[in-house]
Amino acid sequence: MRYALTSERMRAAEAAADTTLSGLMERAGAALAAEVQRAHPSGSVTIVCGTGNNGGDGWVAARALAEAGRAVQVLALREPDGLAGEAREAAVAASGSVAWQHVSDARTLERAVEGSSVVIDAIFGIGLHGAVREPYRSLIGAIATCGVPVVSADIPSGLDADTGVAAGPVVKAAMTVTFSALKPGLLMEPGRSLSGRVVVVDIGVPVVGVGALEVPGRCDLRGLMRWPTPEDHKGSRGTVAVVAGSAAYPGAAALAAAGALRMGAGYVHVVTPAPAAGVVRQAWPNAIVRPVAADDDGAIASAVEVLEAVSGADAVVVGPGLTTGTGPTAAVRALIAEAATPVLLDADALNVLTGEVDALRRRDAPTVITPHPGEAGRLLGSGVSAVSHDRLKAASALSGDRLVCLLKGPGTLIAGGGRSAIVGSGGPGLARAGTGDVLAGMIGAVLAQGIDTFDAAVLGAYLHGRAGERGAEDLTDTCLTAVDLPGYIHLAVRELSDG
């Protein structure tokens, strides 16, 4: 398992390392130089060094590259004698053998980098939070538009290492050489797109995974699957009850059923208002449709009927296409209060619970919620902009000991039970109505097979994302639809089984 460390955890890990800060800087700079040599083996190198430890890493890299015979120049945002601590030591040690000049304005920097084969960005590291002041703001902007490939040291300058958000100009790197561990900001947009190829280098800092952001790969996820065995029968593969659909949105129930069926559920019971039942039967004749009474709008009318229909299920998925009238709201609240099995709440099941996160935390049985940023903002009462500014914080705020939050978006975040994870699969082809319904059904099937709630959300999110990627390969991100998506789940599962 790989881990991504926030700036606070990274500093704590560095403090616990069995070496000095000066030693870490030497290793970081040497590793940065080695990666630049591999990626850009010829031509001149320009290194833009800031005033802190990130700049010190840059000065060490400059010395190492010069010793390797490369033509190197340092553009220093502060003269070596004006620096402090280990950064000053590194700069003074390098300044005698490396050409350097002090720069304080964008135009000087633009002229100085002309003709360079690569620029190393060593202005700001993981300590930056919030807006950048002048002259750094203009200098970062000049690097971002210089037209020369950029390699960033640890994190692209201007980017918040914890959130992936930039409050102003930010360097767009072709490659980021990050030290010791991934940083959350490298994995969440826009940081993911601004970081280029990310290389993690070991500089001797022990990375403790407990409490850190998990970044699972295929080998981690393969062990989570409940793979079929010769002894299996349909009863042992789990029963999912999907409470979804309405006269207005019958397809939502069919799509959620599709996700559950494709993920290998033994039985899928679709609890839907009578006007929507025919659509589900036609789409998936192998689903067991349990029609319930409908109100005048074609939505679920009776919470009692819903509770009876889901009895015996191993997991319940509720929300897609329900609408938010009196009947659906009563059904959602009844399931939260009375269902003893794992319940996943999506879409309209979340829309009827604005500001009621505590009610979800009080459930004795495991619960998964799958909001997009708008739904998360309504649940928290904070608005979508606050969620988007710090997605990891929002996901954590919507979780609890038995409550798992899967926050949708590029870089899907899962939080709950003291753990957090990020899933990088997926793409713009999934930005379509109905794809979340498929995801809800997929996770429901995994929950019904007895997989831990947190792990089920991670596994479902990964396979859903890979199915979307495989579908886009065939149909393009433009043409992929939610109806197409279930037809690619098997490819994602096969990849996992094959390794």
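Author: What follows is a conversation about a few places in this model.

Author: The model is predicted, so local features need pLDDT of at least 70 and side-chain atom pairs count only at pLDDT 80 or more, while totals for chains, interfaces and linings use all residues. Residues are numbered from 1 along each chain as its sequence is written, and side-chain values use heavy atoms, with hydrogens and water left out.

Reader: Okay, how many residues of strand β17 are buried?

Author: Five of the five residues of β17 (residues 412-416) are buried, so this strand is largely enclosed by the rest of the structure. Strands are DSSP runs of E with at least two residues, helices are runs of H or I with at least four, and both are numbered from the N terminus. Buried means under 20% relative accessible area, exposed means over 50%, and partly exposed is in between, using a 1.4 Å probe and protein chains only.

Reader: And which way do the residues of β17 point?

Author: Thr412, Ile414 and Gly416 point one way, whereas Leu413 and Ala415 point the other way. In a regular strand the side chains alternate between the two faces of the sheet.

Reader: Which strands pair with β17?

Author: Strand β16 (residues 403-407) runs antiparallel to β17 and is joined to it by three bridges, and β18 (residues 419-423) pairs with β17 in the antiparallel sense over five bridges. Two strands pair if DSSP finds at least two bridges between them. Leucine 406 stands opposite isoleucine 414 in β17, while glycine 416 stands opposite arginine 419 in β18.

Reader: What about the turn between β17 and β18?

Author: These two strands form a hairpin with two residues between them, and glycine 417 in the turn has a positive phi of about 60°. In the hairpin of β16 and β17 there are four residues between the strands, and glycine 409 takes a positive phi near 140°.

Reader: Switching topic, how many aromatic pairs are there?

Author: A search of the whole structure finds two aromatic pairs. In the pair of tryptophan 59 and tryptophan 100, the ring centres are 6.3 Å apart and the planes are at 70°, so the pair is edge-to-face. Rings of Phe, Tyr and Trp (its six-membered ring) pair if their centres lie within 6.5 Å, and planes under 30 degrees apart count as stacked, over 60 as edge-to-face and the rest as tilted.

Reader: Where do tryptophan 59 and tryptophan 100 lie?

Author: Tryptophan 59 lies in helix α3 (residues 53-67) and tryptophan 100 in strand β4 (residues 99-102), so the pair ties together parts that are 41 residues apart in sequence. Tryptophan 59 is buried, with a relative accessible area of 0%, but tryptophan 100 counts as partly exposed at 33%.

Reader: Which residues have the most contacts inside the largest nonpolar core?

Author: They are Val240, Met263, Val268, Ile414, Leu459 and Leu463, in a core of 59 residues. A nonpolar core is a set of buried Ala, Val, Leu, Ile, Met, Phe, Trp, Tyr and Cys residues joined through side-chain atoms within 4.5 Å. Apart from this core lies another, of 48 residues, among them Val151 and Ile155.

Reader: Last one, which residues of helix α1 are buried?

Author: In α1 (residues 7-16), Ser7, Met10 and Ala13 are buried. They cover an arc of only 120° around the axis, which puts them on the same side of α1, where the arc is that of the directions from the helix axis to the C-beta atoms. On the other side of α1, Glu8, Ala15 and Ala16 are exposed.
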